[in-house]
Each structure stands twice: as structure tokens, then as C-alpha cells.
Amino acid sequence: MLQIRTPHLDQPDPLGLPPYAEEIHGVHAGRVTLRAFANTGNWMLATEWQPSMRRAWRYRGLVAGAVWRELRAQSMGSLLGLAWLVLQPAAMVALYTLVFAKVMGARLPGTSTGGFDYSVYLCAGLLPWQWWADGVQRLQGVFVRHANLLKKAAFPRLTLVAVELGVSTVQFALVAGVFLLFWLTSGTPKGWAALAALPALAVQLALMAGLGVLLGVLHVFFRDVGQALGVGLVFWFWLTPIVYPLQVLPAWAQGWVLLNPMTTLVQFYQAALYDGRWPAANEWWRLVAVATLALGLLALAWKLYRSRAAEMVDEL
């Protein structure tokens, strides 16, 4: 059992950490050492990073509490509360459906009416995209946003990543639950093929974590990363076949769009939830390629984070 005194922490921090660091269990696994930093007068906890994931797992209660507090803070003072988390994406889907399926007369191949068909097609790609964009943007700013906490409190920094991913994922789960109720009442094909969306969601989560943490570390040293990401996501959205079928593009453009990893994921969701079919063999192989990319980004982000962790605190 180990307690670290941080005398300058007079107010509770955003994650709910007490003025004294929480008890650290199983310290022998991390070969814990204490170092005194003369420039702050605080005691900080220094460990080797080998057991980082296990140490972060011990903070799962803290992560769950921080996720709940963040969700409550977003709706604090409003009459509808957490319902806004569902109403905002629903309004966007309704707007896109009106513009593309009604005003512009957009129709999907093989369908005679826009109606609910297009809404299901749109939701199958748009809702996971919103989860993707929100998660990546949260993670790219996670270290800068919690700079004071990183300097003052001793805890595994991976818990910050877990909190941001948790908030984004819970928001997506709420919206997805409403969509599933709508999907069940629509006229689109339904069956066990809908389960094919689950591995694609897992791959998307890994891809989000890898790219987000990588950008988060770079954002500490290059503050233009956040602005560039916002612009890049706008172009990325329209280069992903979400509001339009891939078949409407010229053949040469389809080849380039297929290189987009989000195209593979979105087409998985559309196949499972709109077409009601299991993805073809080539689509599964493309998902494997995206999963490999996600693992590569995770490894690169972890290596960059470990090599720059000390410099990050100084830079912040």
C-alpha cells in the first residue's frame, strides 16, 4: 500500500481524484520507486511502463465514475438532460434524409422510394462516423486538456484515454440503441447478418484509439494538430460513402475511396444493417487489413507515447 501526498491539490480534479493519490495495489508488479522533484516540492509516482495496462485496469472504478460525471456535466442545467445526446444526432439524420432523399431526389440502387430505406442506409454509416470523429477529436486533445492534472496527480495516464473513449462510446451506444429500435420497425431486411457489424465496431474502436493517441501526443508539441484534424475530418467525411453509394462515383475514384479505412467499416455496417447480408469474402479481407492498420497505429502510438512521456509533462 502506498499513498502519495500532493500538498498543492486544494481542489478536486476533473477525474475525481482525492488530494491524496488513491491506494496503489500490487506495487511489486510495477517495481515502484519514488522520486522527489525539487522544482515542484511534490512526490510523484514513477514506475516502469511494462505493467501499465494492468495498473490502468485497477483504476476501472475511477474511469467509470469519471465517464458518468462527464456525461452529466454535458447535460447539467438542461430540461431534457441526457436526451440531448440522442436528439442532436437524430436531427442531423433527419436533415440529411430530407435534403438527399426528398429535395434532391436521391435514391439508392434497387429502391423505388427514399423514405425509411435511405434513413437506415444513412444511419448505418453516419452514426458510426459521428462516433469516430468525436472519439478521435477527444483523444487528440486529451493530454493538453488535462495538463494540470498530469502535472499534479500520480495515476496511470492511460486512464485519461479510457475516460475519453468511454464517454464517446457511451454516447454512441445511446444513439445506436434508438437507431436499432427504428431499424426494427423499418422495411429493410433483417437477420443474423446484423451481427457482422460487431467485429467492425471493435476494429473501429482500435483504429480510433491508435490514431487518437498518436495525434494526442503530437498535439502536445505541435498545437496546429487540433486545427488540422478538424479540417481533415470534413474532407474525410465526404471521401467516405456515407450519404451516397460508392457506385455513383467514377471507376477511377472508387479505387481511391476504397483505400479509405472508414470506407471498409461503413460498407460493413451498410451490408449488415441495410442490405441484411453477410459481407463477402473480399470485404472480410479488407476488414482484416483495416484491423492490421489499427494494430500498427496502436503500436506506433504506444511507442511514441513511451518515448516522449517525460517531455510531454515539461511541454505542458
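Modeller: A salt bridge is a side-chain nitrogen of Lys or Arg within 4 Å of a carboxyl oxygen of Asp or Glu. The model considered here is predicted, and by this rule it has 6 salt bridges.

Colleague: How far apart are the closest N and O atoms of Asp275 and Arg277?

Modeller: The closest N and O atoms of Asp275 and Arg277 are 3.7 Å apart, and the two residues form a salt bridge. Asp275 has a relative accessible area of 36% and is therefore partly exposed. Arg277, at 33% relative accessibility, also counts as partly exposed.

Colleague: How many residues apart are Arg308 and Glu311 in helix H12?

Modeller: Arg308 and Glu311 lie 3 residues apart in that helix, about one turn. Their side chains meet in a salt bridge at 2.8 Å, N to O. Arg308 has a relative accessible area of 34% and is thus partly exposed; Glu311, at 34% relative accessibility, is likewise partly exposed. Elsewhere, a network of salt bridges links Asp134, Arg138, Arg145 and Glu164.

Colleague: Which residues outside its sequence neighbourhood is Val217 in contact with?

Modeller: Beyond four places in sequence, Val217 is in contact with Phe143, Leu304, Tyr305, Arg308 and Met312. Val217 is found in helix H8, residues 197-221, and counts as buried because its relative accessibility is 1%. Although Val217 and Tyr305 are 88 residues apart along the chain, their C-alpha atoms are separated by 6.3 Å. For the protein as a whole, residues 24 or more positions apart account for 72% of the contacts with a separation of 6 or more.

Colleague: Which residues have the most contacts inside the largest nonpolar core?

Modeller: In soluble globular proteins, nonpolar side chains tend to be buried together. Here the largest nonpolar core has 65 residues, and those with the most contacts inside it are Leu122, Trp129, Trp132, Phe143, Ile242, Val243 and Leu265. Helix H4, residues 115-140, contributes the largest share of this core, 14 residues. A second, separate core has 7 residues, including Ala66, Leu71, Val163 and Val167. As for Val243, its contacts beyond four places in sequence are Tyr96, Phe100, Tyr118, Leu122, Phe237 and Trp238.

Colleague: How is a pair of aromatic rings described?

Modeller: A pair is described by the distance of the centres and the angle of the planes. This structure holds 10 aromatic pairs. In one of them, the ring centres of Phe237 and Trp238 are 5.0 Å apart and the planes stand at 85 degrees, so the pair is edge-to-face. Phe237 is buried, since its relative accessible area is 9%, whereas Trp238, at 40% relative accessibility, counts as partly exposed. Ring pairs also link Trp129, Trp132, Trp236, Phe237 and Trp238 into a cluster.

Colleague: Which residues make the nonpolar surface patch of about 520 Å²?

Modeller: Val231, Val234, Phe235, Trp238 and Leu239 make that patch, and Val234 is found in helix H9, residues 224-238. Overall, the protein exposes about 16500 Å², of which carbon and sulfur atoms supply 66%.

Notes
Residues numbered from 1 in each chain as written. Predicted model: local features only at pLDDT ≥ 70, side-chain atom pairs only at ≥ 80, totals over all residues. Heavy atoms only, no water. Core = buried A, V, L, I, M, F, W, Y, C linked by side-chain atoms within 4.5 Å. Buried < 20%, exposed > 50% of the residue type's maximum accessible area, 1.4 Å probe, protein only. Helix = DSSP H or I, 4+ residues; strand = E, 2+ residues; numbered from the N terminus. Contact = heavy atoms within 4.5 Å. Patch = residues over 30% accessible without salt bridge, like charges linked within 9 Å, V, L, I, M, F, W, Y side chains within 5 Å. Areas by Shrake-Rupley, 256 points an atom, 1.4 Å probe, with all protein chains shown as cover. Phe/Tyr/Trp six-rings, centres within 6.5 Å; stacked < 30°, edge-to-face > 60°.
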